[in-house]
Structure formats: C-alpha cells, structure tokens
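Open the structure in your viewer and keep the sequence beside it.

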Amino acid sequence: MHVLIVEDDQAIASSLVLGLQSAGMTVTHVATGIQAVTASQYDVMLLDIGLPDIDGFEVCRRIRLTSQVPIIMLTARADEIDRVFGLETGADDYVAKPFGLRELIARIRAVTRRLTLHNTPKSSQIVIQELKVDSATRRVNIAGAEIDLTAKEFDLLEYLVREPGVVHRRNDILETVWDTDWYGPTKTLDAHIAALRKKLGHPEWISAIRGVGFRFEIMP
Ligand code: CA
C-alpha cells in the first residue's frame with residue numbers, strides 16, 4: 001500500500017508519515033497541490049484542503065479527469081465537510097482534523113477495499129463480526145439469532161454493509177435502495193435507519209454524518 005500525503009503543514013505531515021509507515025505502509029509526502037496533481041504510482045491519496053497553491057477541491061477535480069484513484073480529504077472545518085460532497089469533487093471519503101491514526105488507517109483500508117469490491121463479483125454473504133447478511137436468502141442474523149427485517153430495511157442494510165467505513169450520501173442511498181427517480185422528502189430514510197438500529201440492537205453500528213448521510217461502522 002503506497003500512500004501519497006498532500007499536506008503543507010510540516011508537523012502534521014511528519015507525524016502522518018511516521019504513523020502510516022509504522023502501520024506497514026509506504027508513504028510519500030508532497031506539500032503543494034501541483035505536486036499532487038502530477039504525482040503518480042500511489043494507491044491512495046490523503047489530501048489537505050488548504051494548500052499554498054491550488055486547494056484540495058481543485059486538486060481532486062483535476063485528478064478525476066484522468067484517474068479514479070481513492071482520495072481521502074483531510075478537513076479542518078465542519079463547513080468544508082459539506083463541500084467535499086456537495087461540490088461533486090469526486091473524493092471518496094473525508095477525515096476531520098484532528099483525527100486519530102487508527103481512524104485514518106481504517107478509512108484508508110475502507111476506500112481501498114471498496115475498489116477491490118467493485119472489481120470482484122459480489123459474494124452472497126457478508127460477515128462482519130457477529131453480523132451475517134445473506135443476499136441470496138435475504139436473511140440477517142446476529143450471533144446466530146435471526147433478525148426479522150422488512151424488504152426495504154434489508155436492502156438498506158445490505159447497501160451499507162457492503163462498504164463498511166464508507167460514507168454514503170443520502171441521495172445515493174435513496175436512489176439505489178428506493179427508486180432511481182426518488183427526489184422526495186428523505187424522512188423515509190431516517191425512519192428506516194431508526195428501525196434498523198432498533199432491530200439490530202446496536203445503534204452504534206450505523207452512524208449519521210450530519211449534512212451528508214450514513215456510514216456502517218468498521219468494527220474493530
Ligand atoms: Ca493546510
């Protein structure tokens with residue numbers, strides 16, 4: 001795993017380099033947007049938004065013209081988080097500063113696993129710790145006990161657990177799980193999330209990301 005860090009703050013960059021290297025990753029660091037756009041041969045990019053030349057949004061936009069390499073934005077302010085997704089920059093995920101190394105490593109693994117998932121046939125069974133979701137039989141069980149879900153609840157859960165750790169935007173969930181032409185109120189989604197959390201008995205498994213959407217958490 002080769003990580004490219006794009007960060008102009010030397011202190012943050014140095015601690016990131018050390019931390020990711022100690023997790024067994026190969027790390028390259030650049031400090032400007034232009035260097036980021038012209039870099040090659042890395043598997044995932046950690047991209048700061050505030051850079052001395054072109055900002056992270058513009059870096060992301062330019063890279064997406066030619067590449068689908070996973071990009072995780074490093075955001076310092078809450079209002080940037082909405083823009084990461086709202087501007088259709090093509091970022092795969094974001095981590096808000098200050099962040100812990102473990103969280104960051106989990107996000108890196110999630111976005112790179114997502115690519116692998118998309119390139120391999122979907123298996124019918126997803127197992128995450130004690131949770132088992134079977135698309136073929138449409139059955140869900142936790143530690144061997146079957147959970148009774150409605151059809152939509154099942155579809156929603158299956159959609160989220162396919163990519164644990166990845167933030168899904170509300171509109172993406174609605175379009176995929178409900179109907180491709182869904183542009184109505186999104187209260188239905190919240191109601192289904194609430195029902196799912198209750199039935200699973202582990203509300204912490206599904207996180208709401210304010211102003212963005214939902215994420216099925218990576219269980220340690
Ligand atoms: Ca910066």
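Show the backbone and look at the bond between Lys97 and Pro98, which is a cis peptide bond with omega of about -5°. Most peptide bonds are trans. Keep in mind that this is a predicted model.

**Two backbone angles**

Next, select Arg138, in the loop between strand 7 (131-134) and strand 8 (139-142). Most residues other than glycine have a negative phi. Arg138 has a relative accessibility of 40% and therefore counts as partly exposed, since that class runs between 20% and 50%.

Move along to Ala143, in the loop between strand 8 and strand 9 (145-147). Ala143 also has a positive phi, near 50°, and is a residue other than glycine. Is Ala143 buried or exposed? Its relative accessibility is 66%, so Ala143 counts as exposed.

**The whole chain**

Zoom out and colour by secondary structure. The protein chain has 8 helices and 12 strands. Of its 220 residues, 45% are buried. Switch to a surface view: the accessible surface of the chain comes to about 11100 Å², and 52% of it belongs to carbon and sulfur atoms. Now think about which parts of the sequence meet. Among contacts with a separation of 6 or more, 55% are between residues 24 or more positions apart.

**The calcium ion**

Select the calcium ion. Which residues coordinate the calcium ion? They are Asp8 (OD), Asp48 (OD) and Gly50 (O), at 2.1 to 2.3 Å. Find these donors in the sequence, where they follow the spacing D-x39-D-x1-G. Asp8 and Gly50 link distant parts of the chain, being 42 residues apart. Asp8 sits in the loop between strand 1 (2-6) and helix 1 (10-22), whereas Gly50 sits in the loop between strand 3 (44-48) and helix 3 (56-64).

Check how open these two residues are. Asp8 has 37% relative accessibility and so counts as partly exposed. Gly50 is also partly exposed, with a relative accessible area of 44%.

Select Ala31, in the loop between strand 2 (26-30) and helix 2 (33-38). Leaving aside neighbours within four places in sequence, Ala31 is in contact with Glu7, Asp8, Leu51 and Pro52. One of these contacts, Asp8, is a residue that coordinates the calcium ion. Draw a distance from the C-alpha atom of Ala31 to that of Glu7: the two are separated by 5.0 Å, with the residues 24 apart along the chain. Ala31 is partly exposed, with a relative accessible area of 28%.

Then select Ile54, in the loop between strand 3 and helix 3. Is Ile54 buried or exposed? At 15% relative accessibility, which is under the 20% limit, Ile54 counts as buried. Display the residues Ile54 touches, not counting those up to four places away in sequence: Gly33, Ile34, Val37, Val59 and Arg62. Gly33 is 21 residues from Ile54 in sequence, and their C-alpha atoms are 5.3 Å apart.

For the last stop, show helix 6 (residues 151-161) and helix 7 (residues 170-178). Their axes come within 10 Å and cross at roughly 125°. Helix 6 and helix 7 are therefore oblique to each other. Helix 6 passes helix 7 in a right-handed crossing. On helix 6 the contact is made by Lys152, Asp155, Leu156, Tyr159 and Leu160, and on helix 7 by Asp172, Ile173, Thr176, Val177 and Trp178.

Select Arg170, Ile173, Leu174 and Trp178 in helix 7 to see them meet Thr188, Leu189, Asp190 and His192 in helix 8.

Finish with helix 6 and helix 8, whose axes come within 10 Å and cross at roughly 85°. That makes helix 6 roughly perpendicular to helix 8. The residues of helix 6 that meet helix 8 include Lys152, Leu156 and Leu160. Their partners in helix 8 include Leu189, His192 and Leu196.

Technical notes:
Residues are numbered from 1 along each chain as its sequence is written. This is a predicted model: local features need pLDDT of at least 70, side-chain atom pairs count only at pLDDT 80 or more; totals for chains, interfaces and linings use all residues. Side-chain values use heavy atoms; hydrogens and water are left out. Helices (H or I, at least four residues) and strands (E, at least two) are DSSP runs, numbered from the N terminus. Buried means under 20% relative accessible area, exposed over 50%, partly exposed in between (1.4 Å probe, protein chains only). Contact means heavy atoms within 4.5 Å. Accessible areas come from the Shrake-Rupley method with a 1.4 Å probe; for residues, only the protein chains shown count as cover. Donors are N, O and S atoms within 2.8 Å of the metal (3.2 Å for Na, K and Ca); water is not among the atoms, so sites may look incomplete. Axes are lines fitted to C-alpha atoms, for helices over the stretch in contact, and angles run from 0 to 180 degrees between N-to-C directions. Angles under 35 degrees count as roughly parallel, over 145 as roughly antiparallel, 65 to 115 as roughly perpendicular and the rest as oblique. A crossing is left-handed if the near helix is turned anticlockwise from the far one by less than a right angle, and right-handed if clockwise.
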